[in-house]
Every structure is written in structure tokens, then in C-alpha cells.
Amino acid sequence: MATRFRLVMAMKRTIQRIHTLVDTPRLKSFSLNAPKSVDVEYANGIKFSLSAEFLRVYSPAADGKIRSIGSEKVISGRRHVGIMSAEPVGNYGVRIVFDDLHKTGIYSWDYFFNLGSNKFTLMRNYIKTLKKHGLSRDPSKRKSSKDL
């Protein structure tokens, strides 16, 4: 019974991913809730609230602060990152500026929809990857002058 349930859930996730890739609805609204999150709503009524940490970790830009471990790219220590601003880029998305000074990612409305549709799976996989490599969502503690 449990195996059948997992199979049905896996099939639903696959169908949702295919739908996301093929038929992204038109954007209805975008709201910046600085510094914590953004909200996006689509014409079909689907709404997503995406945290700053989640957006930073899944930035579509290449970033010098990413650690490459084997073939995996891992960003750690972003639990408390904040969003400073979101700047429109044409009619297709926004550039988000984070308080860790990352600002090269352009998030399209399709990409937001994909992230929102797969948010729980993506976050779960991110946390598993951090644990696998002994990393944390929390920023590393900086040494103070008295520790030196």
C-alpha cells in the first residue's frame, strides 16, 4: 500500500514538472516583501511565497560564492540572507539584489513558477545536500579580534 502511494505521488510530481515546463500561466502580480520574501501570483490563481534564502540558493546566475563539491554546486550559510531590492528586467522577470551583494541572477516569471511548483522538493534536496557535505544553512561564525 505504501509503495503504491509513493508511486502515485511520484507520478503527480512528474506531471506537475512537465506541466510547469510546458504551460506556465501568465503572471498576475509580483510583490516584494523585503527583506524576507517575494510573492508571485499567476492568472490561473496559483500563488507562491518564496523566501529570500530559497531564492538566493536557487539563483539562476553563476556565483563565485558557490562551492563545487564533486559535480554538485552547493551554497551554504544563507539562512538569514535578505532581499534589498527587485529591479524589473523587460517584461519577463526581475533582478533580485540580496544583502550578501549577490545581484546577477535574473528570475523570469517562468522560473518563479518552476521554483514555486517544486519548492518543497527543492528545499528538501538542498538540505540533504548540505548535510551530506557537512555544511549548514546558518552563516559560518566569524572570528572576532579576541579569538585571534
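The structure is a predicted model, in which local features need pLDDT of at least 70 and side-chain atom pairs count only at pLDDT 80 or more, while totals for chains, interfaces and linings use all residues. Residues are numbered from 1 along each chain as its sequence is written, and side-chain values use heavy atoms, with hydrogens and water left out.

## Salt bridges

A salt bridge is taken here as a side-chain nitrogen of Lys or Arg within 4 Å of a carboxyl oxygen of Asp or Glu, and by this rule the count comes to six.

| Pair | N to O distance |
|---|---|
| Asp-100 and Arg-56 | 2.8 Å |
| Arg-79 and Asp-138 | 2.6 Å |
| Glu-87 and Arg-95 | 4.0 Å |

Asp-100 forms its salt bridge with Arg-56 at 2.8 Å; Asp-100 lies in the loop between strand E7 (93–98) and strand E8 (106–108) and Arg-56 in helix H2, so the pair ties together parts that are 44 residues apart in sequence. Helices (H or I, at least four residues) and strands (E, at least two) are DSSP runs, numbered from the N terminus. Asp-100 counts as buried at 16% relative accessibility, and Arg-56 is buried with a relative accessible area of 1%, where buried means under 20% relative accessible area, exposed over 50%, and partly exposed in between (1.4 Å probe, protein chains only). Arg-56 and Asp-100 are also linked with Arg-78 in a network of salt bridges.

In the salt bridge between Arg-79 and Asp-138, Arg-79 lies in the loop between strand E5 (72–74) and strand E6 (83–89) and Asp-138 in the segment after helix H4 (119–132), so this pair ties together parts that are 59 residues apart in sequence. Arg-79 is partly exposed at 35% relative accessibility, and Asp-138 is partly exposed at 36%. For the pair of Glu-87 and Arg-95, Glu-87 is partly exposed at 34% and Arg-95 is partly exposed at 28%.

## Buried residues and their contacts

Leu-115, placed in helix H3 (residues 109–117), counts as buried at 1% relative accessibility. Leaving aside neighbours within four places in sequence, Leu-115 is in contact with Leu-50, Phe-54, Leu-55, Tyr-58, Tyr-107 and Leu-122, contact meaning heavy atoms within 4.5 Å. Leu-115 and Leu-50 are 65 residues apart in sequence, yet their C-alpha atoms are 8.2 Å apart in space.

Ser-59, found in the loop between helix H2 (52–57) and strand E4 (67–69), counts as buried at 13% relative accessibility. With neighbours within four places in sequence again left aside, Ser-59 is in contact with His-102, Gly-105, Tyr-107 and Tyr-111.
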